[in-house]
Amino acid sequence: MSLHLVLGAGPVGRATASQLAALPDHEVVLASRSGTGPAIAGVRRIALNAGDAAALTKAADGAAVIYNCMNPGSYTKWEAEWPPIYRAMIAAAERTGAVLAMVSNLYMYDPAVQPLRPNGPEGTPDHKGELRGRLDREVLEAHEAGRLRAVIVRASDYLGEGIGQNGMGTRLIEAAAKGKSVQAIGEIDLPHTWTYVPDVAATVIAAAAKPEALGRIWFAASNEPRTQRELLTELLASVGKPMVKISGMPMWQLTVIGWGVPLMREVKGVSYQFTGPWLYDDSATRTELGVEPTPWAEVLRETALHNGAGAPATAGTPA
């Protein structure tokens with residue numbers, strides 16, 4: 001049995017733990033600050049402060065892979081919480097010899113260079129993207145120096161179970177499914193890449209298991225881009241519900257809201273992803289790792305059903 005330690009019990013962490021547990025000879029431990037949550041077949045939960053290097057090293061003793069599937073609870077906490085977590089993960093990987101498999105995002109890239117590519121130019125206009133880019137580079141530099149073995153998987157905005165109000169692709173589903181008009185952030189008719197959470201898990205598991213994949217950045221397998229209008233239309237249609245009126249929130253409005261709401265000020269900082277095309281090239285993931293995205297119809301249905309759209313309409317039942 002090989003030990004696999006998953007950090008973070010959010011949607012990505014749960015999906016990663018579940019997929020690992022389905023593999024033969026895998027002992028899977030899912031760590032979170034509370035150590036609690038619904039049971040996952042074949043997965044043991046533990047309480048762990050991932051920013052405590054000693055505690056993390058102890059939990060990772062004998063592990064083949066440490067998977068980082070965490071995110072601090074709020075954008076407003078990133079500057080304080082991310083650096084000690086990264087440093088603790090690096091220390092634990094160095095001390096135990098486990099592969100460090102990082103799930104990251106796209107905030108660090110230059111939005112003017114489309115489509116985004118794993119080794120494409122960075123140049124984010126936002127401090128959160130600069131932070132994640134710098135910390136990811138520290139991980140890769142430690143790998144290049146021979147201090148540890150690491151790999152980074154980056155994904156676009158999430159679709160799937162459990163995202164809800166935290167996702168740009170899911171936050172409008174519940175209201176729209178009730179027939180209410182909705183407002184998206186930014187432009188609603190620009191193409192955008194969306195990533196299904198189980199495909200993030202599949203990509204990071206595949207990358208961590210392949211020695212030649214280490215030391216590189218990979219993009220999680222994703223379906224073809226959809227505009228925000230197209231995405232919502234297709235999500236609703238997947239459960240038999242009609243499209244509703246959708247409009248875009250102009251940046252000045254987001255700025256005004258951000259004056260009194262720090263979280264919305266941070267959302268505005270990364271809203272450039274929705275004021276221009278946001279596309280990426282995952283061809284290396286498909287050809288070299290052999291990971292393909294989940295069929296789009298399944299992505300739509302599962303996302304709609306698990307983010308407030310309710311049961312699909314049936315004959316004789318109003319949508």
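Two strands count as paired when DSSP finds at least two bridges between them, and strands (E, at least two residues) and helices (H or I, at least four) are DSSP runs numbered from the N terminus. These legends describe a predicted model, in which local features need pLDDT of at least 70 and side-chain atom pairs pLDDT 80 or more, while totals for chains, interfaces and linings use all residues. Residues are numbered from 1 along each chain as its sequence is written, and side-chain values use heavy atoms, leaving out hydrogens and water.

**View 1. Strand β1 and its two parallel partners, β2 and β4.** Begin at β1, residues 2-7, where five of the six residues are buried (under 20% relative accessible area; exposed is over 50%, partly exposed in between; 1.4 Å probe, protein chains only). Strand β2, residues 26-32, runs parallel to β1 and is joined to it by six bridges; look for Val6, whose bridge partner in β2 is Leu30. Five bridges link β1 to β4, residues 63-68, again in parallel, and here Leu3 has Ala63 as its bridge partner. Together with helix α1, residues 11-21, strands β1 and β2 make a right-handed β-α-β unit: with the strands pointing away from the viewer, the path from the first strand over the helix to the second runs clockwise.

**View 2. Asp25, in the loop between α1 and β2.** Asp25 is not a glycine, yet its phi is positive, at about 60°. Its relative accessible area is 54%, so Asp25 is exposed.

**View 3. Helix α3 and the largest nonpolar core.** This core has 107 residues; a nonpolar core is a set of buried Ala, Val, Leu, Ile, Met, Phe, Trp, Tyr and Cys residues joined through side-chain atoms within 4.5 Å. Leu7, Tyr67, Met89 and Leu100 have the most contacts inside the core, and α3, residues 78-96, gives the largest share of it, nine residues. The buried residues of α3, among them Trp78, Trp82, Tyr86 and Met89, pack against β1, α2 (53-59), β4, β5 (99-104) and α4 (127-144). Setting aside residues up to four places away in sequence, Leu100 touches Ile66, Met89, Ile90, Ala93, Val139, Arg149, Ala150 and Val151 (contact: heavy atoms within 4.5 Å).

**View 4. The length of α3 and the residue that follows this helix.** The expected span is 1.5 Å times one less than the number of residues. The 19 residues of α3 should therefore span 27 Å, and the 26 Å between its end C-alpha atoms agrees. Gly97 comes after the helix, with a positive phi near 85°.

**View 5. Asn105 and Pro115, in the loop between β5 and α4.** Asn105 is buried, with a relative accessible area of 10%. A polar atom of the Asn105 side chain lies 3.2 Å from the backbone nitrogen of Tyr107. Beyond its neighbours within four places in sequence, Asn105 is in contact with Trp78, Arg132, Arg154 and Ala155.

**View 6. Asp136, a buried residue in helix α4.** The relative accessible area of Asp136 is 0%. Its side chain and that of Arg154 are joined by a polar contact of 3.0 Å, that is, a pair of N or O atoms within 3.5 Å; within protein, one must be able to donate a hydrogen and the other to accept it, and residues adjacent in sequence count only if both atoms are side-chain atoms. Apart from neighbours within four places in sequence, Asp136 is in contact with Tyr86, Ser104, Met108, Ile152 and Arg154.
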